[in-house]
Every structure is written in structure tokens, then in C-alpha cells.
Amino acid sequence: MNEKTPMIEFQDVHKYYGDYHALRGISATIRAGEFFSLLGPSGCGKTTLLRTIAGFEDISSGAVLLDGKNMAGVPANVRPTNMVFQSYAIFPHLTVAENVGFGLRRDPRSSAEKGRAVEEALEMVGLKGYGARAAHALSGGQRQRVALARALILKPKVLLLDEPLSALDKKMREQMQVELIRLQRQVGITFVLVTHDQEEALVMSDRIAVMFEGEIAQLADPETLYRRPASRKVADFIGTMNFIPCTIISEAGDRVEIDAKGLGPVVLDIAQAPPTRGDAPVVGLRPETLTLLYDGQSASERETAGVVDEVIYFGDMTYYDVYLADTEVEVRLSMRNVPGRPVLDVDDKVRVAWSPSALVLFR
Amino acid sequence: MKAPGLRAYAIFYLLFLYAPILLLPIFAFNDAVVIAFPLEGFTTRWFVEMWEDPQLWNALQNSLIISTVVASIATLLGLFAARASTRYRFPAQTSILGLIMLPLVLPEIVVAMSLIVVLVAIGIPLSIFTIILGHVLITTPFAVTILSSAFQTLDRSLEEAAYDLGESAASTFRLIILPLVMPGIISSFLICFIISLDEYIIASFLGGTQPVLSTYIFGQFRFPAKVPAVLALGTILVLISIILLAFAEYMRRRGIAKAGGNTSGGAR
């Protein structure tokens, strides 16, 4: 299957619950074989959108196409999708093997063949030999694996994951993120993940749709989303970003000249200025694109003086809040704590190096 | 213990509650017609006398038919109501559920009187059937309560998961929902059964000439010579009630532990 083949197409999908407009004209394409994430705060419609793929949610208008076929009127139990639920929905009265093999009940194969399929599925998720255990006695991480095996055994065209890691503790979550990526590469099935955790989405996804209030605010690969957020809202939701007030001096061709408070006049490429939104103009800067200069160092591009306002020590990193050039504009920047680089104190005078190409203009 | 008064109060309370029931077997085995201390000696003849009374067997047969039918109907109705109230939203939901639960607090004598007026007016003869009608009315709220809690602890996504894995709505109900609420169904059945079995007012008002266990016992109490045999019967009924209720409670707890306790996974 070609990497660029569309697997799921949303065509102007609207969903109303009574008067509430939950999905407001979603149009997007999810490609075959990709790890796709729907990311957004709670109530943004991401789970609703996922459930329209599974067939648990009807749409009010528009169309959902799965592998080229319109899914209108196709019930959930015959769609070529399977889902991993937020609560895992492991059947508590069945064994692990009965849970995993549940979807094979209508499969015409012999029970010996089905048994082998269950064993393979369990092995794939690292639960070999767990088949005879009672499902209600498993730990959270094990339930998650059973839910995965149960969904993947049917070899669906699309695997839907509804906040699958939210119930796990941090260590377990990070481990499962890596395992999910590995599993997705191994089986080659299209994965659609719903999450409110931007870090999780960045780590796992090939592409991410950021949703706010029933609309897709931006659909891009993780790096684009992080480096070139399309709006201030997206920038604010993904990672940390400093916003510095600025005025637009001139705009000509593919160049925009601005005057950012504390940074001074800067010339930006038009690619750094996503389409107009009508807000008061600000420039965004990620903390790691700012660097403190120590004695004897000089900036390769631009340099601004500042005063340290706050020091937040994280062990491997230190975060500094710095006032820029005698203004009340404060930026947060992060420095790795490598040997020979002392941690600074509050009120220390510093020089901050930055690069115009790291700026994003929101206006 | 900090407050000896409270302890005495608790002991007195429990004595008041259970001592009379404990007296039941004591006098059932006492070799005297008069119910009084001192005890006269051990005998099992009251049990024999009770056993050989054909009226008792007639009443018992009626009671068992009534209780079984009542428990089945009430549990089935409770199943529908509990499913509807936990799974769907519909207009006037709370009012409708409130009305279903109302017989729980309505004086039984009022229910009995109004039913008898209506039944006589329609011209339905009083019989076992009319007792069943009355008992279904008063036991359904119990069934609804027990089954609602069984359905509430059922994770909605279990159903969706079965459906997602290719099952139909009917097979999902059979394979997933029914086994998981089965303890609730059993517990509801047993409790409705017991309530119907020892109910007196409705049975006496709507029973016509048909005796049931409770009206039979009340009738026997008028004859002092029959009292010890009734106590023997009472002893057996207490035993059966305790066993059934304990089993019902065991099933209910097992149901909650299995269906609700830990389906959501994660940090436990």
C-alpha cells in the first residue's frame, strides 16, 4: 500500500448534540499506514471525531470515507476498524485468551487455528503465556496490552485509540509510547490516537491534527507543529512558547519587518508569519532557541542584554526567566547544565543570544 | 470503650431486635402447649404436627407459586426499567422513575384497598392471580433499585467493545451484559421472592378464599393449641430467609466486585 493512499477522509463533517455544535466542518485526510493523532483540550471534539470513524457516533452532515467507501449507514460491528477504549473495556468475566479471541467468534477457522492466532496476538504485545489468567486480575498496563491484542487480532484497516495511556503512571506511559510506535511499524496498520497530552502526540505521531472547539486548528507533522505553529493558540498548546509584543514596520514581497519589544527591529521571512488572524501582533520564541552567553562567548546572529528574574533548577536543565533589555518583557529560556557552565543567580546581568529564523509572527 | 452507656444501648438494641426471634426455636422445641417459662422438655412433635397439616401444604403451595411468579415478573420489569434508566435519556425520566419507586413508601394498606376497589369494580375475581398483581406492584421498586446499581457499575464501553468486535446488539446483551448483571438478577429475584412470601396485608385483602403462608399463620394463631406448631413453621421460615438473603447479598457483592470494581484499570 502506498504511503500516500488516503485511508480515512473527513468531508465537511458536522455534529450537533441538540443545540451544541460539537464538530464544526472537519475536513481532513488520514493516510494509510500512518500514526495519526487528534490532539486538543477536553471538549474539543477529538473523541467525538474518533467515534465517528468507529461508527459509535452518527454525523449530522458531511461524510466519513474509510478506504474510499462512504461509511454512512454502516454500523460499528461491520466497519473495518477496531478500538482500544480509554477504560480498556476488558470483559471482566472472561479469561485473557477469551478476551483476545472475542472478535474471532464469527471466524470460520478451526478452534486450534484461532487458539494459535490468540497466542500470536498475546506474544506481539508481550503477554505470552497469560492466556489462562482471569482478565479482572490484571494490572493497568497488562489490561492495555490485552485491549491492544484484542483489537489487532482482527487485522483492522484502522486501529482507533481513545486516550489509551491516560490511566497509566508516567513511567509506564513512556514505556507504552515506545511500544505502541514499535507495534504500529510492525503491523503497518493505520493508527488514530486521541490524546490531550501534547508531548505524547509529538513523540508518537507521524502527523497531528490540533483541535479546538470542534475545528482543526492545524494539521501537520510534529516538527512543523512545534516550529511553525499556525496560530498563537496552537503555539500556546504545544510546548512552551514566549510571546513578545511587537509592531509591524513594513511588509513587502516575502519579507516582513517588525520591531519586537526588547529584541529590536527584525526582518522575517513570510513563511514565519502564518496567515492573518486579526490579533494584536506578537512574536513567539521557544525557550531552547534562546541561549545565555557566558564570558568570552559571542552571539552568531543577534544578542540582547537582560536581567535574571527567576532560576528554576531541574537537574539536567535550568530554566531562567529573563527581563529583556530594560523592559518588562520577560522570556523563559532553557540551558543544559553541562560541566563548566555555572547556574546563575537572580538579578545577574546576562546576554541572550537568539536567531531571527527561530521567530514566529502571530498577528 | 469510652462510653459504657453507648455499649449498653447497642447490646439492648440488638437484644430487642433478635431475642424474640431466638425465642421462636426455643418454644418450637418445648414440650408444652403454653408458651411460657420454665421450659418443659425437648420435643419435635410440633414439627410433626405442622408437617401433617394439609392446610399448611395448601397455603405453602399457593405461596410458592405466587412468590416465584412475582419474583420473576418483578425482576423482568426491573431489568427493563434499570436498563432504560441507566442507558437512555428520555423525557420526564426522573418523574417516571419516581412513580415506579412510589409503592416503596406508599402504605401497603392503601395499595391493598385501592386495588380491591378497582378489581371488584372491573369484576376480576379475587384469587392467587390478584395477589400476584399486588405483589408485583410492591416488589418492582426493590428489583429496580437492585438492578439499577448492577447496571450502573457496568462500564458502557464494555458494550461498545463487544459491538466493535463484530457482535450484534442481541449477542452483546447475551455474551457481555447478561453474565455481568446476573448476580444482580439473582439477588433481585431472591429479595422479591422473600418479600412476596411473607407479605400479609395484600395477600389477605386480595386473596379471596385462597390461603397463603402468611394468612394461614395468622389464622392458626387464633387457636392456642396450634401456636407451637406455628412456631415450628416460623423457625423453618427464619432459617430459609437467612440463607436466601445471605445468598442474595453474596451475589450482589460479587457482581459489583466483578463488573465495576476494576474494569477501568490504571493505578490501583
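Residues are numbered from 1 along each chain as its sequence is written, and chains are lettered from A, with ligands numbered from 1, in the order in which they are written. As the model is predicted, local features need pLDDT of at least 70 and side-chain atom pairs count only at pLDDT 80 or more, whereas totals for chains, interfaces and linings use all residues.

The predictor assigns the complex an ipTM of 0.84 and a pTM of 0.81. Among the elements of chain B, the highest mean pLDDT belongs to H7(B), at 93, and the lowest to H11(B), at 79. Across residues 260-268 of chain B the pLDDT is below 50, although this stretch has 24 contacts in the model beyond near neighbours in sequence; two residues are in contact if their C-beta atoms, placed from the backbone, lie within 7 Å. Where pLDDT is low, the predicted coordinates should not be read in detail.

Chain A contains eight helices and 20 strands, whereas chain B contains eleven helices and zero strands. Helices (H or I, at least four residues) and strands (E, at least two) are DSSP runs, numbered from the N terminus. The C-alpha trace of chain A spans about 75 × 50 × 40 Å along its principal axes; the C-alpha atoms of chain B fill a box of roughly 70 × 65 × 35 Å, likewise taken along the principal axes. A residue is termed buried if 20 or more other C-beta atoms, placed from the backbone, lie within 10 Å of its own, exposed if 12 or fewer, and partly exposed in between. Buried residues account for 40% of the 363 residues of chain A and for 35% of the 268 residues of chain B. Of the contacts in chain A with a separation of 6 or more, 65% involve residues 24 or more positions apart; in chain B, 78% of the contacts between residues at least 6 apart in sequence join residues at least 24 apart.

In chain A, five strands form an open sheet in the order S15-S19-S16-S17-S18, with antiparallel pairing. Its edge strands, S15 (291-293) and S18 (330-336) of chain A, each pair on one side only, where pairing requires at least two DSSP bridges between two strands. Neighbouring strands of this sheet are turned by 50° against each other on average, direction ignored, with axes fitted as lines to C-alpha atoms. S15(A) is joined to the antiparallel strand S19 (residues 349-354) of chain A by three bridges, and A:Leu292 has A:Val352 in S19(A) as its bridge partner.

Not counting residues up to four places away in sequence, A:Ala149 touches A:Val100, A:Ala121, A:Leu122, A:Met124, A:Val125 and A:Leu127.

Terms used:
Axes fitted to C-alpha atoms, helices over the stretch in contact; angles between N-to-C directions. pLDDT = per-residue confidence, 0-100.
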